[in-house]
Amino acid sequence: MSEQGSSQGNQYPPDPELSKTANARPEMKEQGLEEFWDEQAKQRIDWFEPYETVLDWQLPYAKWFVGGKLNACYNCVDRHVEGGKGDKVALHVVPDDGSDSADAHDITYAQLQRQVVKFANGLKKLGVGKGDAVGIYMQMIPDAVVAMLACARIGAPHTVVFGGFSGKAVDERCTDFGAKVLITQDEALRGGKAGAQKKNADDGLSADTTIEKIVVVKRTGGDVPMTDGRDVYYDDLVADLDDDPSSCPCEPMDAEDLLFLLYTSGSTGKPKGVVHTTGGYLTGVTTTTNLVFDVKDDSVYWCAADIGWITGHSYITYGPLANGLTSVLYEGVPGYPDKDVWWKIIEKYGVTILYTSPTAIRSHMKWGEQYAQSRDLSSIKILGSVGEPINPEAWEWYRKYVGGGSAPIMDTWWQTETGHILITPLPGITTLKPGMAQQPFPGVKPEIRDDEGNALGLNQPGNLVLTQPWPGMMRGLYKDDERYRDTYWSKYSDAYFAGDGAKYDDDGDIMLMGRIDDVTNVSGHRISTFEVESALVEHELVAEAAVAARRDPDTGQAIVAFVSLVGENQGDDELKQTLREHVATQIGKLARPAELIFAHDLPKTRSGKIMRRLLKNIAEGEELGDTTTLVDPSVVEVMQKQVNPT
């Protein structure tokens, strides 16, 4: 196995000065489960009524802070205004082109409160009340955050559908949830182009949709279809409504009341509606935001994700705002209008914390460090990585060129289903190892097991499980108890099965190895696709790599690697052989790709995720199916022409 990220590689002890002021304390790791979370809930959350019981655990369902009443919007907005922080900037709103145009503006906590109140009154005008489901289908504009908070304010659970999804996906999710109101925008600005948003929603609505009203926020002012009696522009809806907080007080919610559903794709069947409730989830995201990113009163925080995903819910909306942070909200995409747009934003706003994905980092690596070096990034104090395991080379690049060679990187592991970060280093405490999430967050108990349920030792790849509950854990799948139990609790009767592979290194630190279904079996040997990808990216000419498996009559499965190269380099047969041997040297001959395919980019969705299903389809020579969510569908055509399935 590769030694990447293990105790034999580079290590970075914590800065002693950071250790002196860090929010996280080493003794937190020694606290008991209920003791730790009880302390955090009382310290970080304002409760309308105190809870009576910290945890009621009846496997596989947990209830946290039983009997307590609170409101997520109050904790994210109102309490900061009441505490004298109304003039503090909540959001630096940065438009699609990253410019200083009129679309770029700041929203203070007092202004945010009034916008949320007005939006909430608009929803109430449409008949939305406590317990009524609302759908949100928007891009990264402030109105999306306001809409989420407005729902939380009146106790209406929301489901946010990623703005890059189709209208059919919107209808499927909203109808499953029973949402009667959908909030969307006229058009979307992405990469300087106006794209359909409202029209997409209209096109996807089925005859049996539950959506009765559509609220349309004007982003571009473009001409979009509006159906009389059903559709209403947001400006018209709220034109005569009050924005005084007293006109719409925050609804007291039970700790276990539903805050939102977020649908996540299943390997088979319809998307799974992951249930997240109020008290435990808010405590989890508020605590992890504070401790993992070591936030201070003067922090400027930027999570470069999308609110359509759980990262956006937890670490753009609820976690940062509950901590009273100033955050960057960026509408655009990496690389537009220039390759340095991210670094320009960090320089302008003095961003101190950046939380992004390995995919984004590798894109910047491919473009070159000169763009980061052309801007002043000295404000950066903490970096974060999320979404997939980060290969060590990208980790080192991120630290050197974005973190000034000193900023610690919090490589975080968690899932839609877990609600918040569960495995991560902690600033000022953890000696960092590139490419490793390393340690469980306080109060979290992971274990690595084989398929028979036996606990594994050092350097033995296995299945990651969690053996005790945590506050932000999902409260099941919406109206599908059987699927919940079967998916997450049937493999091991006493533990949550995460579906991810992991191993302990020589020091007992945890290295995540990607999804279990991203493990190939070559001649009876289990090989992590993540390790093969990391080995490829270590080569100086490789910008990004992704690996899939195809059926092979001799070895069971064969590894197919998809590679994009740095700069203007071109792939040829000689380079293919060089890279294959490079993997063999790094991992072993069994891991050597049977086939290697070059392309100028990998097939990515507009959220920046690699669509691995397509890679497998290409490797197997199968029909690709829907490619409409890809940023550049031509990428797969280039790949298809090169593949030689057996």
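This is a walk through one predicted model, stop by stop, with something to select at each.

Before you start clicking: residues are numbered from 1 along each chain as its sequence is written, and side-chain values use heavy atoms, with hydrogens and water left out. Because the model is predicted, local features need pLDDT of at least 70 and side-chain atom pairs count only at pLDDT 80 or more, while totals for chains, interfaces and linings use all residues.

**Stop 1: residues 33-76**

Select 33-76. An unreviewed UniProt entry annotates this stretch as "domain: Acetyl-coenzyme A synthetase N-terminal"; positions are given in the numbering used here, feature names are shortened, and such annotations may be inferred rather than shown by experiment. The chain here is 39% helix and 32% strand, and the C-alpha atoms at its ends sit 25 Å apart. Helices (H or I, at least four residues) and strands (E, at least two) are DSSP runs, numbered from the N terminus.

Leucine 59 and proline 60 are joined by a cis peptide bond, omega about 10°. Proline 60 is in the loop between β1 (53-58) and β2 (61-66).

Slide along to phenylalanine 65, in strand β2. What is the phi of phenylalanine 65? It is near 55°, a positive value in a residue other than glycine. With a relative accessible area of 0%, phenylalanine 65 is buried (buried means under 20% relative accessible area, exposed over 50%, partly exposed in between, with a 1.4 Å probe and protein chains only).

**Stop 2: helix α3**

Select 72-85 and look down the axis. Helix α3 has a kink of about 40°, centred on aspartate 78; the bend at a residue is the angle between axes fitted to the seven residues ending there and the seven starting there. At the start of α3, asparagine 71 puts a side-chain oxygen within 2.8 Å of the backbone nitrogen of cysteine 73. That is a polar contact, meaning a pair of N or O atoms within 3.5 Å; within protein, one must be able to donate a hydrogen and the other to accept it, and residues adjacent in sequence count only if both atoms are side-chain atoms. Among the buried residues of α3 are Tyr74, Asn75, Asp78, Arg79 and His80.

**Stop 3: the second largest pocket**

Select His105, Pro142, Asp143, Val217 and Lys218, which lie nearest the centre of the second largest pocket among its 19 lining residues. The pocket holds about 310 Å³ of space. On a 1 Å grid over the protein atoms alone, a pocket is an open set of points with protein on both sides within 12 Å along at least five of seven lines, and lining residues have an atom within 4 Å of a point. Points are joined across faces, edges and corners, and the volume is the space filled by probe spheres set on them.

Which elements supply at least two residues of the lining each? They are β4 (89-94), α4 (109-125), α5 (142-154) and α8 (234-238). The largest share, three residues, comes from α5. Colour the lining by class and you get eleven nonpolar, two polar and six charged residues (Ala, Val, Leu, Ile, Met, Phe, Trp, Tyr, Cys and Pro count as nonpolar, Asp, Glu, Lys and Arg as charged, and the others, Gly among them, as polar).

**Stop 4: another cis proline, and a serine**

The peptide bond from tyrosine 336 to proline 337 is cis, with omega near 0°, and proline 337 lies in the loop between β17 (326-330) and α11 (341-349).

Then pick serine 379, in the loop between α13 (370-373) and β19 (382-385). Its side chain reaches the backbone oxygen of valine 351 at 2.6 Å. Serine 379 counts as buried because its relative accessibility is 17%.

**Stop 5: the loop between β20 and β21**

Select threonine 418, in the loop between β20 and β21. A polar atom of the threonine 418 side chain lies 3.0 Å from the backbone nitrogen of glutamine 415. At 0% relative accessibility, threonine 418 is buried.

Glutamine 438 is in the loop between β20 (409-411) and β21 (446-449). Its phi is near 80°, a positive value in a residue other than glycine, and glutamine 438 is buried at 1% relative accessibility.

**Stop 6: two distances to draw**

Tyrosine 496 lies in strand β23 (residues 496-504) and is buried at 2%. Draw a C-alpha to C-alpha line to leucine 55: 17 Å in space, 441 residues in sequence.

Finish at glutamate 544, in strand β27 (residues 542-552), buried at 1% relative accessibility. Its C-alpha atom is separated by 46 Å from that of valine 128, 416 residues apart along the chain.

Terms used: On a 1 Å grid over the protein atoms alone, a cavity is a set of points where a 1.4 Å probe fits but cannot get out, and a pocket is an open set with protein on both sides within 12 Å along at least five of seven lines; lining residues have an atom within 4 Å of a point.
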